[in-house]
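Here are my notes after a look through the model you sent.

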Amino acid sequence: MATACSSTLPFSKLPLPFSSAKPSISIHPFLQQLRFPLRAPTFPFARLKSKGTVLSSQLRVHFEDHGLETSSDNIHSQLQVKSRIWKWKGYSIRYQCSGDDGPALVLIHGFGANSDHWRKNISALAESHRVYALDLIGYGYSDKPNPDVVGESFYTFETWAAQLNDFCVDVVQDEAFFICNSIGGVVGLQAAVMKPQICKGIVLLNISLRMLHIKKQPWYGRPLIRSFQSLLRNTALGKYFFRTVATPESVKNILCQCYHDTSQVTDELVQIILNPGLQPGAADIFLEFICYSGGPLPEELLPRVKCPVLIAWGDKDPWEPIELGRNYRSFESVEDFVVLPNVGHCPQDEAPHLVNPLVKSFVSRHATRSASACTSSGV
């Protein structure tokens with residue numbers, strides 16, 4: 001049973017970044033208190049396609065017309081979920097898997113999370129799919145090589161994308177659909193660009209807009225940001241800052257900000273997010289990522305993706321505002337933009353009854369197309 005989220009801790013006193021009607025900047029709560037200057041991006045989109053579906057129990061007729069329906073999947077399915085270790089470039093990578101038949105799905109978590117964040121999805125999706133969820137290197141129960149040893153270029157979206165593609169080759173041994181949340185969406189897009197023959201389609205759940213990217217900052221603020229990043233990396237301030245975040249109380253309050261339905265912020269969820277962060281090396285990787293302001297942006301990757309993309313967005317996300325996310329509808333690869341009403345930043349965990357059938361419908365539609373293409377070509 002969920003416990004109430006405290007309103008007396010410092011994180012709860014921080015203003016939500018999108019409390020006004022005008023879109024503002026998206027900053028994770030542990031960065032809001034530092035208050036360095038940031039600005040919202042300007043998207044160079046000339047037009048918007050008329051895409052968009054509102055997913056709601058009140059709109060069942062519209063939903064069923066698209067072959068979709070809400071569900072109340074039993075998250076305690078009898079299908080067994082196995083936890084395994086995969087060796088990648090000498091590192092141990094934890095992943096979970098379930099299901100023996102059907103198209104392959106690979107679930108990719110967001111920043112600070114791990115494959116346990118898909119605990120409400122794996123078994124439900126495994127009823128008709130082969131499902132895999134992996135811990136990106138540096139997160140969860142995968143190895144956490146020291147950034148000072150592996151270098152600043154290691155913890156990047158290119159590395160995680162290479163990990164994902166190699167996982168599909170070594171473990172899945174098949175083409176796969178990528179189901180992604182938050183920064184996991186950037187990983188999935190980057191992987192699809194790097195090896196388009198592997199990815200059959202992508203579902204993006206509240207993909208990170210990467211508002212801390214250096215390209216989205218005013219020129220006069222960039223030197224300050226670099227100085228701040230150096231301060232976090234190279235002084236005791238960074239480790240102290242991490243210790244203030246890596247507590248049950250702080251994690252709970254951060255989650256209460258990004259989950260619209262705070263009853264879903266259970267003690268189990270807090271431990272799922274917190275426990276891996278208490279492992280040796282986790283603090284260094286936490287600091288490395290919040291200091292990572294380069295690499296690809298979603299709007300740079302989407303035009304290069306060859307597979308179909310479905311974007312679903314919880315409309316109560318305080319970190320990644322839907323007003324900005326809607327701009328991604330303009331890309332040819334994006335076949336639909338689905339609004340998830342009254343859902344926050346992590347729809348797969350907060351509203352699996354909406355997400356699971358959405359994923360099943362998308363995969364079924366495109367897996368069927370692939371099979372038809374093979375049949376018609378005589379393969």
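1. Let's start with Asn206. Its relative accessibility is 0%, so it counts as buried. You'll find Asn206 in the loop between β7 and α7, and its phi is near 50 degrees, which is a positive value in a residue other than glycine. For context, most residues other than glycine have a negative phi. Do bear in mind that this is a predicted model, so the backbone angle of Asn206 comes from the prediction too.

2. Now the overall picture. The protein has 15 helices and nine strands. Of its 379 residues, 57% count as buried. If you take the contacts with a separation of 6 or more, 77% of them are between residues 24 or more positions apart.

3. Ser182 links back to the first point. This serine sits in the loop between β6 (176-181) and α6. With a relative accessible area of 3%, Ser182 is buried. Which residues does Ser182 touch, leaving aside its neighbours within four places in sequence? The list is Gly110, Leu205, Asn206, Ile207, Ser208 and His345, and Asn206 is the residue with the positive phi from above.

4. Is His213 buried or exposed? Its relative accessibility is 2%, so it counts as buried. A polar atom of the His213 side chain lies 2.7 Å from the backbone oxygen of Gly295. Once neighbours within four places in sequence are set aside, His213 is in contact with Ser293, Gly294, Gly295, Pro296 and Leu297.

5. Next, the pair α5 and α6. The axes of α5 (residues 157-172) and α6 (residues 183-194) come within 8 Å and cross at roughly 70 degrees, so the two helices are roughly perpendicular to each other. The crossing is right-handed. On the α5 side the contact is made by Phe157, Glu158, Trp160, Ala161, Ala162, Leu164 and Asn165, and on the α6 side by Ile183, Val186, Val187, Gly188, Gln190, Ala191 and Met194. Sorted by class, that gives ten nonpolar, three polar and one charged residues.

6. Staying with α5, its buried residues are Phe157, Thr159, Trp160, Ala161, Gln163, Leu164, Asn165, Phe167, Cys168, Val171 and Val172. Among them, Phe157, Trp160, Ala161, Leu164 and Asn165 also take part in the contact with α6. Just after this helix, Gln173 takes a positive phi of about 55 degrees.

7. Helix α9 (residues 248-258) has nine of its eleven residues buried, so it is largely enclosed by the rest of the structure. The buried ones are Ser250, Val251, Lys252, Asn253, Ile254, Leu255, Cys256, Gln257 and Cys258. Notice that a lysine, Lys252, is in that buried set.

8. How does α9 meet α10 (residues 267-277)? Their axes come within 9 Å and cross at roughly 110 degrees, and the two are therefore roughly perpendicular to each other. Pro248, Val251, Lys252 and Leu255 of α9 make the contact with Asp267, Leu269, Val270, Ile273 and Leu274 of α10. By class, this contact has seven nonpolar, no polar and two charged residues.

9. One more helix pair: α8 (residues 236-245) and α11 (residues 282-290) pack at an angle of about 105 degrees, with their axes 10 Å apart. That makes α8 roughly perpendicular to α11. Gly238, Lys239, Phe241 and Phe242 in α8 meet Ala282, Ala283, Asp284, Phe286, Leu287 and Ile290 in α11. The residues of this contact divide into seven nonpolar, one polar and two charged.

10. Last, Lys89. It is found in the loop between β2 (82-88) and β3 (91-98). At 60% relative accessibility Lys89 counts as exposed, whereas Asn206 counts as buried.

Notes. Residues are numbered from 1 along each chain as its sequence is written. This is a predicted model: local features need pLDDT of at least 70, side-chain atom pairs count only at pLDDT 80 or more; totals for chains, interfaces and linings use all residues. Side-chain values use heavy atoms; hydrogens and water are left out. Buried means under 20% relative accessible area, exposed over 50%, partly exposed in between (1.4 Å probe, protein chains only). A polar contact is a pair of N or O atoms within 3.5 Å; within protein, one must be able to donate a hydrogen and the other to accept it, and residues adjacent in sequence count only if both atoms are side-chain atoms. Contact means heavy atoms within 4.5 Å. Axes are lines fitted to C-alpha atoms, for helices over the stretch in contact, and angles run from 0 to 180 degrees between N-to-C directions. Helices (H or I, at least four residues) and strands (E, at least two) are DSSP runs, numbered from the N terminus. Angles under 35 degrees count as roughly parallel, over 145 as roughly antiparallel, 65 to 115 as roughly perpendicular and the rest as oblique. A crossing is left-handed if the near helix is turned anticlockwise from the far one by less than a right angle, and right-handed if clockwise. Ala, Val, Leu, Ile, Met, Phe, Trp, Tyr, Cys and Pro count as nonpolar, Asp, Glu, Lys and Arg as charged, and the others, Gly among them, as polar.
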